[in-house]
Amino acid sequence: QVQLVDSGGGLVQPGGSLRLSCSASGSFFSINDMAWYRQAPGNQRELVASVTRAGNTNYADSVKGRFTISRDNAKNTVALQMNSLKPEDTAVYYCNAVYRRFVDLQYNEAWGQGTQVTVSS
């Protein structure tokens, strides 16, 4: 099992920056893709950014050029640097990881508890 703890949310003015962090712990064979999702009130959860173990990244069109995802494989962490924040970025942000279990090498998925990001003046 993998446990994810995400943090770093808060209240920021439009145009400001925040950095989200997520740390994975537990027993696993490997962690593959890591990602950040977000969910605003009344909306479905959506993918914000993802990064493979090799470092290949993918971003939602709405955040390209403003957000940067990064990971540290040795520390099992992933971060999301968010710049030029807009009110429409307001949401609960969730860390996500796809990992392989020791017992049978099957793929499984873990989620963080979520961290609130509010962009408002």
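Tutor: A nonpolar core is a set of buried Ala, Val, Leu, Ile, Met, Phe, Trp, Tyr and Cys residues joined through side-chain atoms within 4.5 Å. Please keep in mind that this is a predicted model.

Student: How many residues does the largest nonpolar core have?

Tutor: The largest nonpolar core has 32 residues. Those with the most contacts inside it are W36, L80, M82 and Y93.

Student: Which elements give two or more residues to this core?

Tutor: They are strand 1 (2–7), strand 3, strand 4, strand 5 (46–51), strand 7 (67–72), strand 8 (77–82), strand 9 (91–100) and strand 11 (115–119).

Student: And where does the largest share come from?

Tutor: Strand 9 provides the largest share of this core, namely five residues.

Student: What does M82 touch?

Tutor: Not counting residues up to four places away in sequence, M82 touches G16, S17, L18, L20, R66, F67, Y93 and V117.

Student: Let us turn to the surface. Which residues form a nonpolar patch there?

Tutor: The patch is formed by F29, F102 and L105, which together have about 300 Å² of accessible area.

Student: Where does F29 lie?

Tutor: F29 is in the loop between strand 3 (18–26) and strand 4 (30–39). Its relative accessibility is 46%, so F29 counts as partly exposed, given that this class lies between 20% and 50%.

Student: And where is L105?

Tutor: L105 belongs to the loop between strand 9 and strand 10 (107–111). L105 is also partly exposed, because its relative accessible area is 34%.

Student: What is L105 in contact with?

Tutor: Leaving aside neighbours within four places in sequence, L105 is in contact with F29 and R100.

Student: Which residues is Q39 in contact with?

Tutor: Apart from neighbours within four places in sequence, Q39 is in contact with Q44, R45, A91, V92 and Y94. A polar atom of the Q39 side chain also lies 3.1 Å from the backbone oxygen of N43.

Student: How far apart are Q39 and S121?

Tutor: Q39 and S121 are 82 residues apart in sequence and 20 Å apart in space, C-alpha to C-alpha.

How values were computed. Residues are numbered from 1 along each chain as its sequence is written. This is a predicted model: local features need pLDDT of at least 70, side-chain atom pairs count only at pLDDT 80 or more; totals for chains, interfaces and linings use all residues. Side-chain values use heavy atoms; hydrogens and water are left out. Patches are made of residues with over 30% relative accessible area and no salt bridge: like charges are joined within 9 Å, nonpolar side chains (Val, Leu, Ile, Met, Phe, Trp, Tyr) within 5 Å. Accessible areas come from the Shrake-Rupley method with a 1.4 Å probe; for residues, only the protein chains shown count as cover. A salt bridge is a side-chain nitrogen of Lys or Arg within 4 Å of a carboxyl oxygen of Asp or Glu. Helices (H or I, at least four residues) and strands (E, at least two) are DSSP runs, numbered from the N terminus. Buried means under 20% relative accessible area, exposed over 50%, partly exposed in between (1.4 Å probe, protein chains only). Contact means heavy atoms within 4.5 Å. A polar contact is a pair of N or O atoms within 3.5 Å; within protein, one must be able to donate a hydrogen and the other to accept it, and residues adjacent in sequence count only if both atoms are side-chain atoms.
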